[in-house]
Amino acid sequence: KVFQAVVSCIGGDGTIYIIPKSFETALNKLMAEIQNTFKGLGLLIPYCWKKGEACVVRGSDTVWYRAKIVEVSGSTLQVQYIDHGYIESIPQCHLYPTTFYTGIPPFCIPCQLYKTLPIGNFWQQEAVEYLQELLKNEEVEIHVKELPDNPWGKLSISLYFGGMSLSSFMAYQRYCVAEDCQDIQKVGVFEGDLSPSYLLQPLPVPGETFPVTVTHLVSPKEVYICLDSSENLTEHSATERSASCDSESLRKALKWCNKIVKTLPHLTNFKKELPCLAEYVDGLWYRAKLLSITQLVPVQILVQFVDYGTYLVAPTSRLRHIPCHLLKYPVQAVRVLLAGFRPASDDKNVERIPYSPEWSLKALWTMVDCVEGKRLSASILTVSPEVTISLYGDDKNLVHLKLIEMGLAELDQ
């Protein structure tokens, strides 16, 4: 069985507590009911607590939770929140004994990694803290491998985050040994010895109108577009729905990569077009490809962010190997030429685009205003030798008409 779940807690012994996504509605309903039933403080009169006894606990967030007594020690009790997994020492005044809700099984499931042996036969404190930092409150994919011998035992699972196997990743980090040989081979995604390449984005058929966003402008004529996944996709083609699914999956995978990016090796190979991860000015890491070395001392590399079309000159410290599973998603940005216009022959603006002097900077900024943050649509005219499109604004008019009105471009039949 395969399902999505949220990791609620990592136990001190490395137990992974998960709440299946399918349980969330029922859990939220139960939590609301508990809040309505128990109000105010816990039990203020003396009470003889017993190990294993059911109770409700008023957490530090003032919310009541189902719990059970794990250990009795004077005025402080050790309790386990049975729907979330974590264990905490709580003063008696924050607890209330109850037989309510004891017929409802715990919503969180204790799990262990299938055929994964921690170094030293138990999870070291450093490894537990790393798992906690990596996984807590994150949505993951669970593959059930073996059921426990008893109902309260641990479920043996393979856990995947952002397309990566947790067992393989922790083995790569030298925290454990993954006995499943097929699984351990996935560690090779970090080596970067191959010469991989990105997949190209499949495009809608020529003549079909589809929603797009412009992610980067090289000139008023040359832009990068992404298929827009923000609108109602039931009306759109299979290509657009597939692009939307890829875009969301890629976003989640990159989120995970940003969490583990310090474990990925720096680039040592600077082959042109080599896929990599690059750090943008916002401090986040994105998919990129190498274009050229612009400076030798210190080394500076020109890269292009393939899902946006934008460029950046970066030092080698901001470039890392890309995990191979990120190569299965097609590049999101497509370079296109806009049809129907050309630079105005009588444009008197002296400030020109340095790398495209046939265009004035005023024409470029005017086009930016026409497309930035706008709901655009496009229709492909040709795909060879270059992808050429007609681009329409949110008023359904061709975006370049504004440039023609201002004398910054002229019609090109």
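How many residues of domain 1 are in contact with how many residues of domain 2? The answer is 5 residues of domain 1 with 7 residues of domain 2, where contact means heavy atoms within 4.5 Å.

## Ground rules

This is a predicted model, so to speak: local features need pLDDT of at least 70, side-chain atom pairs count only at pLDDT 80 or more, and totals for chains, interfaces and linings use all residues. Residues are numbered from 1 along each chain as its sequence is written, and side-chain values use heavy atoms, with hydrogens and water left out.

## The two domains

Domain 1 comes in two pieces, 208–231 and 333–411, while domain 2 covers 265–322; these bounds come from an automatic or database domain assignment. Taken over C-alpha atoms, the centres of domain 1 and domain 2 sit 27 Å apart.

Ser-377 belongs to strand S25 (residues 376–382); strands here are DSSP runs of E with at least two residues, helices are runs of H or I with at least four, and both are numbered from the N terminus. With 11% relative accessibility, Ser-377 counts as buried (buried is under 20% relative accessible area, exposed is over 50%, partly exposed is in between, using a 1.4 Å probe and protein chains only). Setting aside neighbours within four places in sequence, Ser-377 touches Thr-209, Phe-210, Pro-211 and Val-212, and also Ser-390, Leu-391 and Tyr-392.

## The largest pocket

The largest pocket holds about 730 Å³ of space. Lys-68, Pro-106, Cys-108, Pro-110 and Trp-152 are the closest to its centre, out of 27 lining residues. Strands S3 (54–58), S4 (64–73) and S8 (109–113) are the elements giving two or more residues to the lining, and S4 gives the most, with 3 residues. By type, the lining splits into 18 nonpolar, 6 polar and 3 charged residues (nonpolar covers Ala, Val, Leu, Ile, Met, Phe, Trp, Tyr, Cys and Pro; charged covers Asp, Glu, Lys and Arg; the others, Gly among them, are polar).

As for the terms, a pocket is an open set of points on a 1 Å grid over the protein atoms alone, where a 1.4 Å probe fits, with protein on both sides within 12 Å along at least five of seven lines; lining residues have an atom within 4 Å of a point. Grid points are joined across faces, edges and corners, and the volume is the space filled by probe spheres set on the points.

## Salt bridges

There are 15 salt bridges in the structure, each a side-chain nitrogen of Lys or Arg within 4 Å of a carboxyl oxygen of Asp or Glu. One of them pairs Arg-66 with Asp-83 at 2.7 Å, N to O. Arg-66 is in strand S4 and Asp-83 in the loop between strands S5 (76–81) and S6 (87–91), so this pair ties together parts 17 residues apart in sequence. Both partners, Arg-66 and Asp-83, are buried.

Glu-273 and Lys-289 also pair up, at 3.3 Å, N to O. Arg-318 bridges to Glu-279, with the closest N and O atoms 3.8 Å apart. Since Arg-318 lies in the loop between strands S19 (311–315) and S20 (319–320) and Glu-279 in strand S16, that pair ties together parts 39 residues apart in sequence. Arg-318 is partly exposed, at 22% relative accessible area.
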